[in-house]
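Subject: Structure handover

Hello,

Here is the structure I promised to pass on. Please look it over first; my notes follow below.

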Amino acid sequence: MKVIELKNVSFKYDEEYVVKNVSFSIEKGSYTTIIGHNGSGKSTIAKLIMGLLEKEKGQIFVDGLELNLENLYKIREKIGIVFQNPDNQFIGSTVRDDIAFGLENHCIPHEQMDPLILKFAEKVGMLNYLDSEPTKLSGGQKQRVAIAGVLAMYFNVIIFDEATSMLDPQGKKEINELIEEIHREKNITIVSITHDIEEAVKSDYVIVMDKGKVAMEGKPEEILLREKELIQMQLDIPFTLKFKNELKKQGVNVETNLKMEGMVDALCQLNLNK
Amino acid sequence: MPIEFKQVSHEYSPNTPFAYKALNEIDLELAEGKITAIVGATGSGKTTIVQHLNALLLPTQGEIVVVDKTIKSTEKPKNLKALRKQVGLVFQFPEYQLFEETILKDVAFGPKNFGVSEEDAQEKAKEALKMVGLDETFYERSPLDLSGGQKRRVAIAGILAMDPQVLVLDEPTAGLDPQGAKQMMGLFEMLNKKHGKTILVVTHDMEHVLDYCDEVVVVERGKIAMHVSKEEFFEDASLMVKANINPPAIIRMRTMLQEKGFAIPNTVLSLEALVKALKKGVA
Amino acid sequence: MKNIVLGRYIPLDSVIHKMDPRAKIIAMITLLVAIFIDTGYIGYGIIAAFILCAVFLAKLKLDFVWKALKPMLFMLCFLLVINVLVLKTGYVLVDIFGFKIYSDAIFQTLYIVIRLVLMIIITTLLTASTKPMDLTIAIEDLLSPFKVIGVPAHDIAMMISIALRFIPTLLEESQRIMKAQESRGVDLQEGSFKEKVMAILSLIVPLFVSSFQRADDLANAMEARGYNPGGKRVRYKQLKFVLRDYIMLLCVFGLVAGLIATKVTGIL
């Protein structure tokens with residue numbers, strides 16, 4: 001089942017198309033990554049889906065509902081988004097207030113707010129910081145709070161718009177683990193907009209954006225091995241592919257596997273056969 | 001020896017309830033003409049170290065020798081400007097320091113502050129812009145309508161125009177896409193090799209450390225935990241684990257293969273060497 | 001920054017701190033009105049005693065109150081000088097080589113000083129015992145009856161709370177920009193007028209650029225999380241009047257009513 005569907009969507013900024021005639025769909029319950037270099041239009045897509053930017057042409061459907069002025073707030077009850085900059089999306093004066101912000105807007109009954117706040121603060125490991133102010137928190141902690149705020153709304157789709165790109169490796173790792181956990185446990189559809197090719201390796205479906213268009217889409221093993229195209233679009237290629245190329249150059253032939261563990265296994269196999 | 005820390009401590013808001021010791025009696029010598037990476041967790045004191053290099057922060061104890069000047073805890077250095085001219089410090093997200101109407105004017109701002117004449121400053125600005133790969137078509141454009149990576153280049157040119165001997169960069173690739181980050185690191189490599197600049201770069205990205213740096217300084221809770229050559233650093237994966245650092249992909253691959261019984265020496269740092277060692281093992 | 005006392009919240013555990021911020025605002029306004037009404041020295045004495053009790057209950061140190069008053073000292077001295085020079089009524093108190101200081105000059109100054117000091121202590125008491133965010137909510141609640149005549153109570157409160165939330169962030173940011181420009185040779189202390197103008201521009205322009213960026217991001221984040229300026233919301237922080245709030249208000253109203261009554265009947 002399709003949970004997000006874009007049909008011929010275009011968006012213009014200053015007479016220039018940032019997104020041009022984009023069509024794709026995202027399966028319910030999937031972990032989809034959208035990759036592309038800075039300025040490829042990938043973040044604009046997220047804002048279009050949330051109705052934060054007004055598309056020039058085309059149609060966007062979320063959970064079967066078409067995005068238009070009338071349905072705007074209904075659609076925002078279905079999708080949550082976590083943005084890139086941890087500071088600029090922390091609205092409340094404390095962790096508690098920030099998780100509450102979305103609940104307030106969606107008119108959740110007051111007596112249900114505290115239990116929800118506690119439950120999801122615990123889920124993201126921020127229970128001990130409920131009354132902390134944002135200046136006392138690290139970037140990773142602020143992103144956790146943003147995730148708690150989104151989870152508390154029981155959205156079935158969450159978009160992560162480069163949510164880890166401003167974090168240190170520790171924060172990045174923790175947030176990525178949290179995202180995977182949410183995906184696994186709650187069967188929430190994850191759409192991750194990212195630069196990280198290794199994250200794309202782990203996802204179910206990859207959409208590659210270039211110059212405002214969908215350049216390629218498909219399963220990671222189909223897309224991420226297309227070395228020439230990836231390099232042409234100023235993207236990284238997976239480490240395992242680089243490794244395989246070097247092996248081939250030196251006359252060792254193994255089947256490509258996107259995961260490191262797979263490569264190691266293939267090499268062990270080769271060793272046994274000799 | 002251009003930079004030397006001698007028993008340097010730094011305490012923020014001393015004598016208040018908020019007092020916090022960010023650096024604790026560190027000794028550090030940084031070699032001339034090299035690219036040194038400063039790594040460590042957030043809050044370990046990396047940025048504090050960096051801000052001592054041009055006396056934005058003064059040590060609360062100890063002294064620092066930078067090229068031919070000494071920064072002491074007791075006195076404010078008199079030749080502050082001369083010092084800041086020698087050590088160019090590029091902050092995190094430097095694109096937020098651009099403010100002039102045109103790119104050329106913005107880049108010339110630094111040298112003008114150091115008393116260079118208008119024309120000479122323009123000359124220096126043009127040279128610096130050329131170094132970072134921006135041609136004359138950029139001179140009269142506003143710095144505000146460039147892409148993120150270009151803005152950052154302009155900001156770095158603004159520091160280069162002051163012609164510093166030492167270039168210090170605090171997380172210069174944060175927020176750039178992988179391609180942009182690589183180009184940025186390539187730029188520093190070129191400045192080091194071709195223009196002989198000593199480069200200090202604070203980074204979290206171990207792939208960059210492996211590909212571009214000569215030496216590694218690990219900062220841990222206000223102390224220098226390690227100061228070794230890149231080769232030594234990546235030879236022993238346990239060193240990285242100890243410092244809570246995620247090793248680069250190639251080192252992870254090397255470790256995984258070693259665990260499966262492949263005889264791969266720890267000196268392997270490149271894919272080419274890795275495959276060569278593998279072939280030896282297979283044959 | 002850390003030495004500024006006026007308007008600063010002091011986290012303590014006291015009855016006054018726990019009180020409903022709306023009750024505190026109403027009490028403050030009532031007391032300010034009482035001070036504006038000329039109740040004479042005895043009246044001010046009673047009010048002062050009442051406020052000092054409140055300061056004591058709030059567990060605030062007198063030292064802190066003194067720090068809040070300090071910035072006013074200069075203004076009060078200035079006032080005294082003006083009054084001494086201008087006011088020539090009443091009887092002569094001191095005569096220094098023909099320069100006469102009249103009684104009214106001293107007494108009127110004293111009178112103004114007492115009123116100003118009382119007002120400052122009252123407002124300091126409010127801000128020191130109430131979190132800024134709670135004050136914001138109280139203002140929203142107290143303004144909500146005026147929605148009928150078009151006062152955007154919620155919008156005002158939201159604006160204040162966002163400003164409060166971002167003050168520390170912007171301070172941090174401005175320090176960072178300042179350091180970055182210092183590294184480019186900007187000297188904020190010395191230099192010619194033109195250099196100083198450039199130095200200030202080099203701080204202000206980047207600060208504006210980044211603030212606009214932040215504002216844009218923030219607006220997106222708020223909208224994405226379902227914020228609709230005109231729409232219905234259920235507020236998380238709900239204020240509740242409890243017995244102690246009624247008692248406190250009753251005391252304040254009683255006191256002020258008593259003072260006004262004595263004033264009208266001319267007893268004091």
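A:Lys142 is buried, at a relative accessible area of 9%. Buried means under 20% relative accessible area, exposed over 50%, and partly exposed in between, with a 1.4 Å probe and protein chains only. A:Lys142 sits in helix H5 of chain A, residues 139-151. Leaving out residues up to four places away in sequence, A:Lys142 touches A:Pro86, A:Asp87, A:Phe90, A:Pro134 and A:Leu137. Contact here means heavy atoms within 4.5 Å.

Some ground rules. This is a predicted model, where local features need pLDDT of at least 70, side-chain atom pairs count only at pLDDT 80 or more, and totals for chains, interfaces and linings use all residues. Residues are numbered from 1 along each chain as its sequence is written, chains are lettered from A and ligands numbered from 1 in the order in which they are written, and side-chain values use heavy atoms, with hydrogens and water left out.

Chain C against chain A

On this interface, 26 residues of chain C are in contact with 33 of chain A. The two chains bury about 2,800 Å² between them, 54% of it on carbon and sulfur atoms. Buried area is the accessible area (1.4 Å probe) that two parts lose on being put together, summed over both. C:Arg165, C:Arg225 and C:Tyr236 supply 34% of the area that chain C buries against chain A, more than any other three residues.

There are five salt bridges between chain C and chain A. A salt bridge is a side-chain nitrogen of Lys or Arg within 4 Å of a carboxyl oxygen of Asp or Glu. One joins C:Glu223 to A:Arg76, with the closest N and O atoms 3.1 Å apart. On the side of chain C that touches chain A, helix H8 (153-183) and helix H9 (193-224) of chain C each supply at least two residues. H9(C) gives the largest share, eight residues. Helices (H or I, at least four residues) and strands (E, at least two) are DSSP runs, numbered from the N terminus.

C:Thr169 is placed in helix H8 of chain C. Is C:Thr169 buried or exposed? C:Thr169 is buried, with a relative accessible area of 4%. Beyond four places in sequence, C:Thr169 touches A:Asp87 and C:Arg214. The side chains of C:Thr169 and C:Arg165 are joined by a polar contact of 2.9 Å. A polar contact is a pair of N or O atoms within 3.5 Å; within protein, one must be able to donate a hydrogen and the other to accept it, and residues adjacent in sequence count only if both atoms are side-chain atoms.

Chain C against chain B

Here 20 residues of chain C are in contact with 26 residues of chain B. The buried area is about 2,000 Å², and carbon and sulfur atoms give 61% of it. The salt bridge count is two. C:Glu182 forms a salt bridge with B:Arg84, the closest N and O atoms being 3.5 Å apart. H9(C) gives the most to the side of chain C that touches chain B, with eight residues.

Inside chain A

Two strands pair if DSSP finds at least two bridges between them. A:Phe61 stands opposite A:Glu66 in E5(A).

Best wishes
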